[in-house]
Amino acid sequence: MSPNPAEPQSGRSPDSPAEPPAKRRFGLLTAVCLVTGNIIGGGVFLLPATVAPYGTVSILALGVLTVGAVALAVLFGRLAARTPVTGGLYVYPREAFGDFAGFVSVWSYWTMTWASNAALAVAAVGYLQVLLPVPGGAGWQAFLALAVLWLPAITNFAGLKYVAAAQIVSTVLKFLPLAVVAVVGPFFVHADNFGPFDATGQGVLPSMTAAAALLLYSYLGVESAAVSAGEVRNPARTVIRAGVLGTVASAVVYVLGTVAVFGLVPHTALAGSTAPFSDALDAMFGGTAGGVVMAGAAVLSIVGALNGWILMSAQMPYAAAVDGLFPRVFTRVRRDVPWAGALIGVVLASVLILFNYLSGTAEVFRVLVLITSFTAAVPYLLSAAAQLHWLARGDREKVRGGRLALDVTVAGVSFAVSVWLIAGASYAAVYQGTLFLAAGLLVHTWLSARRSAPAEAG
């Protein structure tokens, strides 16, 4: 669980020294669970079907992306060791490049959180259709997605203790069904089900790039320990270890589970599936009972993931608002939850769901995931650039020379992976994501003008 949002999470100028809070609550085990729990959200339940049209090259893309995710985990660990405060992807660019870079990073990350929440709600609709006789049509699907979104939002408004309780239950529920498919599923696979390697025929590298941009959604949360570095004991060692261990543990479940689903469900059926893990469980044991159980677990898991990410969508802007880089409304807290930020994020996610459903957009989940990947890659890119900045400066107070070669390699790989993921996003996702960034520039202009006005008046 992320840190208590009622406590100021940054509140310092970029040039001031880091002041870790006196009380650090998270040890290594807690930090690993934080990373793993945030990475393995609800989107994984639909991603095998989303990348199936590209063919089994998607499995190769997942492997390459896993290497990139581990590099990002190491990068965030090294940055957190240098600046052990809560805020993570917002703090590092701001410290290296100033307020504007910090704002762009936190704005992009904030956009990612509520766009991700919209995608999670849409993912739940396919599994609800396995459980309930849901009428067809975009209107009904949009209604169900909104219902799934607002249920955990109410939990957040009720207070932090209810959020924590819901997270514990949902974490257990989402691991069990995925583990069954990942561990038992490979014994039931059939080679003929995998289909072609490059199903689109556009080439291995373009197909890998497009699939990786979608699959990045499955690794969102790799930065969780760094975001909560102010709450972690001995962050210089714990953050990097938790990030790597949590990412690798998630990767094992992802790779085995994805291979199993590809081998259990025929390729053509998988590409059109709205509940791929339910279909996989039905293929393993026959009938539909297993698929129904999986669908129930998937819906509960997605609701639990939304429960945590709605809180995340409020916490990062809270930290920036404390520093004066986000609208003041985001500092409003009730029952230890920044309720105004949570409410704004849920409303924006609702608008995004309605826009993509009612505008006739095909493959709503795919479009929302790509928007999420695009907006997540921006703060990842800025964090990698911040580390390269410190390395290029040769500031020994910021970078230890004995690890220079490793740091350069990790930062370079992280930067390249971030650029690769941005390149793989679709035109629709880049278009909508760029509009969100443009709106952020107006907000930054307004806030910077308000901050400078008193000084000029004096």
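The structure is a predicted model, in which local features need pLDDT of at least 70 and side-chain atom pairs count only at pLDDT 80 or more, while totals for chains, interfaces and linings use all residues. Residues are numbered from 1 along each chain as its sequence is written, and side-chain values use heavy atoms, with hydrogens and water left out.

I begin with the helix pair. Two packed helices are described by the angle between their axes and the distance between the axes. Helix α5, residues 99-131, packs against helix α13, residues 289-322, at an angle of about 165°, and their axes are 9 Å apart. That angle makes α5 roughly antiparallel to α13. The term applies to angles over 145 degrees, whereas those under 35 are roughly parallel, 65 to 115 roughly perpendicular and the rest oblique. Axes here are lines fitted to C-alpha atoms over the stretch in contact, with angles from 0 to 180 degrees between N-to-C directions. Helices themselves are DSSP runs of H or I with at least four residues, numbered from the N terminus.

Which residues make up the contact of α5 with α13? They divide into 25 nonpolar, five polar and no charged. Charged refers to Asp, Glu, Lys and Arg; nonpolar to Ala, Val, Leu, Ile, Met, Phe, Trp, Tyr, Cys and Pro; and polar to the others, Gly among them.

I turn now to the salt bridges. How many does a search of the whole structure find? It finds four salt bridges, each being a side-chain nitrogen of Lys or Arg within 4 Å of a carboxyl oxygen of Asp or Glu.

One of them joins D407 and R78, with the closest N and O atoms 2.9 Å apart. D407 lies in helix α16 (residues 404-424) and R78 in helix α3 (residues 57-82), so this pair ties together parts 329 residues apart in sequence. D407 is buried at a relative accessible area of 2%, and R78 also counts as buried, at 13%. Buried means under 20% relative accessible area, exposed over 50%, and partly exposed in between, with a 1.4 Å probe and protein chains only.

R82 and E95 form another salt bridge, at 2.6 Å from N to O. R82 belongs to helix α3 and E95 to helix α4 (residues 91-97), 13 residues apart. Both R82 and E95 are buried.

Finally, R94 and D323 meet at 3.0 Å, N to O. R94 is in helix α4 and D323 in the loop between α13 and α14 (339-358), so the pair ties together parts 229 residues apart in sequence. Salt bridges that share partners join R94, D99 and D323 into one network.

Conventions. Helices (H or I, at least four residues) and strands (E, at least two) are DSSP runs, numbered from the N terminus.
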